[in-house]
Protein chains: 8
Amino acid sequence: MAEFQLTDAGEAAADPVVGIIMGSSSDWDIMKNAVAVLEEFGVPHEMRVVSAHRMPLDMVDYGARAAGRGLRAIIAGAGGAAHLPGMMAALTPVPVFGVPVPSRYLRGEDSLLSIVQMPKGVPVATFAIGEAGAANAALHAVACLAMTDSALLEKLQAYRARQTEAARAMVVPPHVTL
Amino acid sequence: MAEFQLTDAGEAAADPVVGIIMGSSSDWDIMKNAVAVLEEFGVPHEMRVVSAHRMPLDMVDYGARAAGRGLRAIIAGAGGAAHLPGMMAALTPVPVFGVPVPSRYLRGEDSLLSIVQMPKGVPVATFAIGEAGAANAALHAVACLAMTDSALLEKLQAYRARQTEAARAMVVPPHVTL
Amino acid sequence: MAEFQLTDAGEAAADPVVGIIMGSSSDWDIMKNAVAVLEEFGVPHEMRVVSAHRMPLDMVDYGARAAGRGLRAIIAGAGGAAHLPGMMAALTPVPVFGVPVPSRYLRGEDSLLSIVQMPKGVPVATFAIGEAGAANAALHAVACLAMTDSALLEKLQAYRARQTEAARAMVVPPHVTL
Amino acid sequence: MAEFQLTDAGEAAADPVVGIIMGSSSDWDIMKNAVAVLEEFGVPHEMRVVSAHRMPLDMVDYGARAAGRGLRAIIAGAGGAAHLPGMMAALTPVPVFGVPVPSRYLRGEDSLLSIVQMPKGVPVATFAIGEAGAANAALHAVACLAMTDSALLEKLQAYRARQTEAARAMVVPPHVTL
Amino acid sequence: MAEFQLTDAGEAAADPVVGIIMGSSSDWDIMKNAVAVLEEFGVPHEMRVVSAHRMPLDMVDYGARAAGRGLRAIIAGAGGAAHLPGMMAALTPVPVFGVPVPSRYLRGEDSLLSIVQMPKGVPVATFAIGEAGAANAALHAVACLAMTDSALLEKLQAYRARQTEAARAMVVPPHVTL
Amino acid sequence: MAEFQLTDAGEAAADPVVGIIMGSSSDWDIMKNAVAVLEEFGVPHEMRVVSAHRMPLDMVDYGARAAGRGLRAIIAGAGGAAHLPGMMAALTPVPVFGVPVPSRYLRGEDSLLSIVQMPKGVPVATFAIGEAGAANAALHAVACLAMTDSALLEKLQAYRARQTEAARAMVVPPHVTL
Amino acid sequence: MAEFQLTDAGEAAADPVVGIIMGSSSDWDIMKNAVAVLEEFGVPHEMRVVSAHRMPLDMVDYGARAAGRGLRAIIAGAGGAAHLPGMMAALTPVPVFGVPVPSRYLRGEDSLLSIVQMPKGVPVATFAIGEAGAANAALHAVACLAMTDSALLEKLQAYRARQTEAARAMVVPPHVTL
Amino acid sequence: MAEFQLTDAGEAAADPVVGIIMGSSSDWDIMKNAVAVLEEFGVPHEMRVVSAHRMPLDMVDYGARAAGRGLRAIIAGAGGAAHLPGMMAALTPVPVFGVPVPSRYLRGEDSLLSIVQMPKGVPVATFAIGEAGAANAALHAVACLAMTDSALLEKLQAYRARQTEAARAMVVPPHVTL
């Protein structure tokens, strides 16, 4: 996997600040994009499969203990009738960031609506379908943390400056390397 | 309310066989159509607001006790990011019948997809958006019960025969009464 | 076909309790997921192609005889303008479980709406588009049967316990086998 | 009802050439637009409620006898999971013209897909959702009949000429009559 | 191409009864399914590319002469903003049968709506997106012709009988030939 | 009508530079928003009903003469299967600006796709569904004209400056006048 | 306006922590639901109309100064081609919470997609279409702030406890007061 | 790349009349279709990556200087939450022609709505999703320029005449070359 290097793949940080959960290990190809962002920013995190439909009591337990364990953000990805982000939001005051995982036939339209259309009172911050959404959920969580962490804010601003430079360096037609 | 008469409105039967749950009392206008069917067939039932997002632990408790309390079907209605039917299905082996309640802006398309697109392993039997779906969820539950209850099957067949007669009696242009 | 082994492929059980019908043999790749579930639970069943549009009188006959033959559930899959589940529901009091088979250009959105949006009075219990929906239709039928069959209920609970354990055993990043 | 005058409202012509059927008398407000066209062209017709879901055997009977009774076109309107046009097409070689009746929550998108997405081999000629579609189904049936009826073709050409003149006479801003 | 044999590929019959037109030669893969049906029924026909947007005056000419040339049906296929069927319907009293050709990004949803949603007064009989729709447009045209051609009606009934037999012969799991 | 004052309502300017055409006088409520913009900018224009489906030859004639008559932009509005903008684009090199008029049941989704999804080679510049789209089609035509008309460009810049000031003057909660 | 009482309506707090911006004063009816939440939690905030399309430079300025002014969250609402939330996210590292305001013809589907489908690198946390989304954007911002503000966290937990109690107190059929 | 030859690939013309901008170099495969048209017509142009979200200030600068630099049209392509065309339209009186670039999961539906649904006052002329839209945006810009450039108009008419001839030369079944 060339896109990024996991330094502690599959293992939780000692004191995770962000929990990344997903409904199935098959969501990994999407959700790894969130992990990569947290790695890049050095935000302690953990990754777990927590299936709303197959492990509902584990999900309740995860939610019940999230705040006490020091989690300050939960990134939750799921596809189809994607209930994990919304249920997690119901179970903890820790803010939940939802990622619509593309579904087989409806390409994530069902996932998106199942996550974003939460009723008043129980919010899920929702991001784009797929890889971009997973990365952005993590970036948004970083931004929220950075509001009280000036070192992290500096990192975020440097990240965005690099991003701007990379876009500025783009030419069309794209360079062809021989 | 002229369409039907509740004989035991708001009160649970002594030994309910069917539980009708909904995410909010604002779902009542839709869900009463399920109640009316059960009333008509004399199926003992109870009605409760069980909000997946605002009362998640009550929902877990309801699901955990459903089979032991003798429920043989649960009819669950919800709108928008409608998680109640799917979560109830995750919490009990009692079969769940889901009703997509129309949402304000997307008219129930979000509700429908949030209910029907369940992953393999945790089914929710889903019905049409709105009033028809609520009535049909109850009729389907009645049909399931009727497979081992010949008296109920007779009632169901009589109901359908009356329905056929009513359709046969329709004329166009519709009669105008003066 | 590695996913499951049919013990009596293509042949009806002596006294089928569940009928699995589909509009075309091309629906088999989806509908075999329903068959596999019934095999796993040991529920006697039969499988047939019953095309609503090309064999309408056979369909009527199948519906007319379903209850008398002892069927207690009919799982019907179809794609596009998917009329088979709804018509079967019109023809028998036996409860019908509908599976939207993905269509070529609209990926099953047409199939889903053609099955789920039934008018009041004639319900079809509808499940997700495709493979998950086929498996879940069978699981829901099993759950309905299990409400009066304690041995089957035990099997269902064991199935779900295994499913929970399998989800709990998932790790991310997924294991790579060499 | 000011828009048109039915000369034989609700009664069948002695030898109807076109059958207009609909799933419920509630479809009349849409389907009367088809009737009005046939009235205008003097095409003998009959109107009936034939519910696919509540009167399936009557539907079969209607289809089985359509050709023998001399019907040369059947206009069928239905809403939601709209199975009547497609099933009628399965039951008779008489060409079927389908009208998607607007549904309550999905405004006829479900009706349209349920009618138009027929599998190869059993066609339903489908028209626009609602009033325009009903009128056009009748106009198309008239055009088909007119291909072997020069008097009817003349009427059709005159109708279209009047229509062209009416459009040509339109001004904007529209005239205001005091 | 194994599915059918064109006996007079690309050439018009001496006195075509049905015109098959399409917006581009790239529509051929879909529209050949209509041709194959007319071949099978021995209905004299012609095939032409008539682009509404690139050859509008040719289109007008085709429409103006259609009735006089003896055409009794026009099958028109187009994709995207598919204007050919509707414009042809505006230009001739000959009935038009529209085929939504799948589009690159929206898979024919745009084609379908552009064809079916005609205003009152100018009908286009619309069929399913893609191959099935092309075949069905031809079958519907055949059915219309068969209403005054008993030999053709017999052929149509035989075709449908064969179709019914083929469906009845289907087994599941599908036969595997070695 | 308080929103704007037509100085020459319904009459063409002596030498119109912009033609505003629509499929029916019922489109006026939308299309008057385009007229109002041209009035405000003093751009000579004409307004006509030109129905693609009911007046196809008039449409051809309008297109054939558009360039010679000095028109430099054509604003075309239509609803449903909205063919007028695309056909006009096929008939003249004068650039066409399309306005999707909201349709009864699909609220302009059909109109939008029928207008915007033109094939390569025959463009229609498309704007938002409804009132905003009509005004913007005219504003875009004004901008195109302003590229070689410095007085008009000044007017456009002033218009936009006023628009900016109006937005800047907005407060929330909105002022309540007594 | 009975739903809530603004204590400082239209005026900014001395040191706002949350900025609430919207594209037009016509968005107020939706966005006031966000304001009400912040009022209830005593979070200092400001409200402004900042139109991305009519005041782009003001928008740039607002973004450029947001972090320096001490804003820790920006709630941005817009409808249709809703660019304000995404552009604000491009202009500041302060996290942006987007609210899709319902649009006239597409009921907010366009707003939702324009806000949520941001590319990787520039996230907008998106909430439900309309009133619920506005309230939830504010609740999510409160939750983010509460992660480093134990008093606010207590308030949030109390809010949610009250919400749970309110849901638990719901009965069906709803009480009727005489 | 056989479809067209760029004579000045990636370099701006000395005095560009049309600016072609896109959100990322990954949009090139679509946007090159616009470039090819301008090449064919000999319209001086420039091509740049201008990301609304990653280079917002560059975008503002580009817009602020567009009119002064002599640009008379800006063709802007973007995908997903596609804000570039609309923001550019907010920043300059130069008319903007928007191209919806297909997105990964929603195939450009999000891009289309994000571009076309602009509010009253700030128009973006929108074209089809993908390659056809890019070519057509350029053709429309050419047509606007041609209204005051008779040589260009002649070229445009010749282009369209060739296009008509090419369509007229199409046969079906398509020629097969050996």
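**Around the listed binding site**

Modeller: Happy to! Ser24(A) sits in the loop that links strand 1 (18–22) to helix 1 (28–41) of chain A. Keep in mind that this is a predicted model.

Colleague: Why is Ser24(A) called buried?

Modeller: Buried means under 20% relative accessible area. Ser24(A) has 13%, so the label applies.

Colleague: And what makes Arg54(A) count as buried?

Modeller: The cut-off is again under 20%. Arg54(A) comes to 18% relative accessibility, and therefore counts as buried. Arg54(A) lies in the loop between strand 2 (45–49) and helix 2 (56–66) of chain A.

Colleague: Which residues is Ser24(A) in contact with, leaving aside its neighbours within four places in sequence?

Modeller: Contact means heavy atoms within 4.5 Å. With those neighbours left out, Ser24(A) touches Val49(A), Arg54(A) and Met170(C). On the same terms, the contacts of Arg54(A) include Ser24(A), Val122(B), Gln163(C) and Met170(C).

Colleague: What makes the pair Gly23(A) and Arg54(A) a polar contact?

Modeller: The backbone oxygen of Gly23(A) is 3.0 Å from a polar side-chain atom of Arg54(A). A polar contact needs N or O atoms within 3.5 Å, one able to donate a hydrogen and the other to accept it.

Colleague: Which residues does UniProt list for "binding site"?

Modeller: Its unreviewed entry gives Ser24(A), Asp27(A) and Arg54(A). For "domain: PurE", UniProt, also in an unreviewed entry, lists residues 16–167 of chain A. Over residues 16–167, chain A is 49% helix and 16% strand.

Definitions and conventions. Residues are numbered from 1 along each chain as its sequence is written. Chains are lettered from A and ligands numbered from 1 in the order in which they are written. This is a predicted model: local features need pLDDT of at least 70, side-chain atom pairs count only at pLDDT 80 or more; totals for chains, interfaces and linings use all residues. Side-chain values use heavy atoms; hydrogens and water are left out. UniProt positions are given in the numbering used here, feature names are shortened, and annotations may be inferred rather than shown by experiment. Helices (H or I, at least four residues) and strands (E, at least two) are DSSP runs, numbered from the N terminus. Buried means under 20% relative accessible area, exposed over 50%, partly exposed in between (1.4 Å probe, protein chains only).
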